[in-house]
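Hello,

Here is the structure we spoke about handing over. Please open it first; the findings follow below.

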Amino acid sequence: MAKAVRPYQPVTPANNKYLAKMWDQEAFNTHRTKVATARPVIDNNPPRVHMHLHIKLKKLQFEAERLATIERDNRILLEKMAHIMRKGGVVDNKLKEGHHTKSLNKTKRQRELLRITHENIAILRRLMTKYPHYNHKKWLLQWQVNQQYLRNISKYQHTWRQEQFPYKIQVERQTPANKRVSAKVQQQSSPTKRKSGTPYSELTATSTSLPVTPLPVISTPETPVFEFFDFN
């Protein structure tokens, strides 16, 4: 049974179906050509490869020059060793008797060292003979005066100042004076001792006939006596 062939049915009405088929086929081929040759709006291609970033010619050049230098030095060394092996060594490193190494600039270096030494000595002499601009002894005396002022106006004793120099000086000066005053008070306040063989009535008459002197009143000031310092 033969298969029936369906004739071409154009999309739009046409008088000649054969011409309509030919025109439609040409339009379809033109469309496919445009689709095949159309450029995308978004560029999704990989970036360009820059060869100078992957192959560093300058580095390769330096490496080749270094290898050439090493090769040249090795060749020179090999030639020297071969020459020594063929003819033997002719260099004697031992110094002969009476032979001394000589330096062409030995005199110049000695003169330069001598000049530097003289300059250093001159600088040291100027530093040693220079008088100081500030007098540290005067500063010490002024500080002691300020410490004395501070003790005079202080109500309570500063325990942390007991290790300072003005406080120690004051204690050293007051301690002997306090001992002398205490000894004098004890001597005046002690009763008259009776000698052996002396009647008590005579001792009483003698003691009553002595003039009675009032005891001095020892006043201990709260603040120490201020000492003046001469800065001249």
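Lys17 counts as partly exposed, because its relative accessibility is 40%. The classes are as follows: buried is under 20% relative accessible area, exposed is over 50%, and partly exposed is in between (1.4 Å probe, protein chains only). Lys17 sits in helix α1, residues 17-37. Helices here are DSSP runs of H or I with at least four residues, strands are runs of E with at least two, and numbering starts at the N terminus. Beyond its neighbours within four places in sequence, Lys17 touches Tyr8, Gln9 and Pro10. A contact means heavy atoms within 4.5 Å. Pro7 is 10 residues from Lys17 in sequence, and their C-alpha atoms are 8.5 Å apart.

Some ground rules. This is a predicted model, in which local features need pLDDT of at least 70 and side-chain atom pairs count only at pLDDT 80 or more, while totals for chains, interfaces and linings use all residues. Residues are numbered from 1 along each chain as its sequence is written, and side-chain values use heavy atoms, with hydrogens and water left out.

**Confidence**

The protein chain averages a pLDDT of 76. That score is the predictor's confidence in each residue, from 0 to 100. At least 70 is reached by 68% of the residues. Residues 199-232 stay under 50. For that stretch the model has 30 contacts beyond four places in sequence. Where pLDDT is low, the predicted coordinates should not be read in detail.

**Overall picture**

The protein chain has 7 helices and 0 strands. From the N terminus on, the order is α-α-α-α-α-α-α. Of the 232 residues in the protein chain, 6% are buried. The accessible surface comes to about 23500 Å², and 59% of it belongs to carbon and sulfur atoms. Areas come from the Shrake-Rupley method with a 1.4 Å probe; for residues, only the protein chains shown count as cover. Among contacts with a separation of 6 or more, 46% join residues 24 or more positions apart.

**Helix α3**

Helix α3 covers residues 57-87. It has 31 residues and reaches 45 Å from first C-alpha to last, close to the 45 Å expected at 1.5 Å a residue. The expected span is 1.5 Å times one less than the number of residues. Just after α3, Gly88 takes a positive phi of about 85 degrees.

Leu57 lies in α3. Is Leu57 buried or exposed? Leu57 counts as exposed, because its relative accessibility is 62%. Leu57 also belongs to a nonpolar surface patch with Val49, Met51, Ile55 and Leu60. Together these residues have about 520 Å² of accessible area. Patches take residues with over 30% relative accessible area and no salt bridge; like charges are joined within 9 Å, nonpolar side chains (Val, Leu, Ile, Met, Phe, Trp, Tyr) within 5 Å.

**Salt bridges**

How many salt bridges does the structure hold? There are 4. The criterion is a side-chain nitrogen of Lys or Arg within 4 Å of a carboxyl oxygen of Asp or Glu.

- Arg66 and Glu63 pair at 2.7 Å, N to O. They are 3 residues apart in helix α3, so about one helical turn separates them. Arg66 is partly exposed at 43% relative accessibility, and Glu63 is partly exposed at 35%.
- Arg72 pairs with Asp73, with the closest N and O atoms 3.7 Å apart. Arg72 is partly exposed, with a relative accessible area of 39%. Asp73 is partly exposed at 39% relative accessibility.
- Arg115 and Glu119 pair at 2.8 Å, N to O. Both lie in helix α4 (residues 106-129), 4 residues apart, about one turn. Arg115 is partly exposed at 37%, and Glu119 is partly exposed at 39%.

An α-helix has 3.6 residues a turn, so residues three or four places apart point the same way. Finally, a network of salt bridges links Glu112, Arg115 and Glu119.

Best wishes
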